[in-house]
Every structure is written in C-alpha cells, then in structure tokens.
Amino acid sequence: MNTLRLSLVALLPLSLSLAAQDSTNVEFAAENNQADVFIEKCHTWRNAMRDNKVDLMWTFVEEKFKGSLKPKMAQKLKKVAAKHRRHLDEAGAYVQRSVSLSQETPSDTAQVIVKWDNNGAGNKNIGYVESCVFEQLPGTTKWVLDI
C-alpha cells in the first residue's frame, strides 16, 4: 500500500504540469500576433493531428463548443486530423522547409505558415504550404486556434 501511495505522490506533479500545459492551448496569452507562442501552439496542434491525439486536440477547443455543439466539433476534429494525416501519407516523407509568422494579417489574427515537402520520396515531388490561424478574443490579450 505504501508503494502505491508513493507512486501516486510521485506522479502527481507530472500530471498537474501536463494538465496545466494542456489548459493553456485555448485562450492563451500573447502580446501581439507576432509572438513565438503561436509557432509552439501550431507545432503542438499539428503533432496532435498527426498522432491522432484526440484528447490533446480537445485542449484547443473553446468551452462554447464543448456543450451542445460537442458532437459537431468531434466530427470536425476527426475530419481535420484525417485530412492532415492523408497529406502526410500521400507525401511518404515529411521535410519541414520553413515555419514563419505571417506579417500580412490583421492585428487580431496570427497565422503560422508551415512549408514542407517530401524531399522526392517515392519518386514524387510533393510540396505543401499549410497554416495555423489564431484569433484574438475581443478586448483581451487571449487567443484561440481557428479550427
């Protein structure tokens, strides 16, 4: 029993830090639309889609979409993730060429542009330009992913 209690106590800080990290994926703070946090969030989102980590994807969803709209949002998350994985599968390889924040968006919008290709894998040259778009909540410094 003591071993179990010690194990649970040892895991508590880890679980709390993961919960805190995930909770900041929606309504997170950023000073402006050029903050590096958008690139970090975009990578987290894209990796969650790639790895089909549905629980992590839900941490990007605003609370208003978790009530009566949850079934529709669940379908949308599934569809968006499947499309992303289909692009990766079709390419056969993933070589990230560049990641940048768009300088051509309004001040209440941030766009992370990800350019990647397959480096000629499978005798095909496939290139993609994808993005993550974030919107600022009116009257705040908080931002959300436009899913």
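User: Which residue in strand 5 does Phe 134 stand opposite?
Analyst: Phe 134 stands opposite Leu 145 in strand 5. The model is predicted, so local features need pLDDT of at least 70, side-chain atom pairs count only at pLDDT 80 or more, and totals for chains, interfaces and linings use all residues. Residues are numbered from 1 along each chain as its sequence is written, and side-chain values use heavy atoms, without hydrogens and water.

User: Why are strand 4 and strand 5 called a pair?
Analyst: Two strands pair if DSSP finds at least two bridges between them. Strand 4 and strand 5 have three bridges, in the antiparallel sense. Therefore they pair. A strand here is a DSSP run of E, at least two residues, numbered from the N terminus; a helix is a run of H or I, at least four.

User: What makes strand 1 and strand 5 a pair?
Analyst: Two bridges join strand 1 (residues 28-29) to strand 5 (residues 142-145). The rule asks for at least two, so they pair. They run antiparallel, and Ala 29 stands opposite Lys 142.

User: What lies between strand 4 and strand 5 in their hairpin?
Analyst: Five residues. In this hairpin Gly 139 takes a positive phi near 75 degrees.

User: How are the lining residues of the largest pocket divided?
Analyst: Six are nonpolar, three polar and four charged. Charged means Asp, Glu, Lys or Arg; nonpolar means Ala, Val, Leu, Ile, Met, Phe, Trp, Tyr, Cys or Pro; the others, Gly among them, are polar.

User: Which element gives the largest share of that lining?
Analyst: Helix 4, with four residues.
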